[in-house]
Amino acid sequence: MLTKKQIRETLETIKDMYPEAECELHHSNAFELLIAVVLSAQCTDALVNKVTPGLFQKYKKPQDYLDASQGELEQDIRSIGLYRNKAKNIKKLSASLLEQFEGEVPRSRDELMSLAGVGRKTANVVASVAFKTPAIAVDTHVERVSKRLGICRWKDNVREVEETLMKKVPEEEWADTHHRLIFFGRYHCRARDPQCASCPLLHLCREGQKRMKRGDVQHA
């Protein structure tokens, strides 16, 4: 496990690597972001971004999704994985927004999690990005990077990873750290072929050092 000083070095290094890291899901308001994050489950942001321009042109508010048939919405998001289940959830959450929140996206994590298809990660993303609420959303990239670097333990579950990061990262840095860890995991410390040989954190990363010894690395 990294020391407090080493974690600070790690965060500063990743900040230098990705100073402009931010949410890559295209959206222009909280409702569009909510729909985009729901669509992004087990799917790449890039694929979601191909679908949402047309989707958001057609569906601008919760009522629009309710007015469409299940089949029509499924066709509109068919290229995205789990599209049938996601279409059901989008219609359900749209109904909840109208019935419980006057058509507006709620700001609190607990209220967001009451919506269909919205788990803790999605709620944290929406609260953080749309409403600037301090939060760390743990997706596959954040979990992988945190464990490889030794900020968290390998045996930690997603909730424990989130809680550990919240303890070890200053609250005012939660949102930025979340995006930077995603970028680091998406573009550098990838699930397959992480770029250990060129990594500025190799001297701190036991996982990377093991991979180098085994020759299991992607060279720059």
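Keep in mind that the model is predicted.

I'll start with the helix pair. Two packed helices are described by the angle between their axes and the distance between the axes. Here the pair is α2, residues 30-39, and α6, residues 83-101; their axes come within 10 Å and cross at roughly 150°. Angles over 145 degrees count as roughly antiparallel, and α2 and α6 are therefore roughly antiparallel to each other. Their crossing is right-handed. On the α2 side, the contact is made by F31, L34, I35, V38 and L39; on the α6 side, by K86, I90, L93, S94 and L97. Sorted by class, that contact has 8 nonpolar residues, 1 polar and 1 charged.

Next, the loop between α5 and α6, where I80 is found. Is I80 buried or exposed? I80 is buried, because its relative accessible area is 1%. Leaving aside neighbours within four places in sequence, I80 is in contact with L39, C43, L47, V48, V51 and K86. I80 and S40 are 40 residues apart along the chain, and their C-alpha atoms are separated by 8.2 Å.

Now the cores. The largest nonpolar core has 39 residues, and L34, I35, L55 and Y65 touch the most other members. Elements giving two or more residues to this core are α2, α3, α6 and α8. The most comes from α2, with 9 residues. As for L55, its contacts beyond four places in sequence are I35, L39, Y65, L73, D76 and I77. Apart from this core lies another, of 26 residues, including V145, F183, C189 and L201.

Notes
Residues numbered from 1 in each chain as written. Predicted model: local features only at pLDDT ≥ 70, side-chain atom pairs only at ≥ 80, totals over all residues. Heavy atoms only, no water. Axes fitted to C-alpha atoms, helices over the stretch in contact; angles between N-to-C directions. Helix = DSSP H or I, 4+ residues; strand = E, 2+ residues; numbered from the N terminus. Parallel < 35°, antiparallel > 145°, perpendicular 65-115°, else oblique. Left-handed = near helix turned anticlockwise from the far one by under 90°. Contact = heavy atoms within 4.5 Å. Nonpolar A, V, L, I, M, F, W, Y, C, P; charged D, E, K, R; others polar. Buried < 20%, exposed > 50% of the residue type's maximum accessible area, 1.4 Å probe, protein only. Core = buried A, V, L, I, M, F, W, Y, C linked by side-chain atoms within 4.5 Å.
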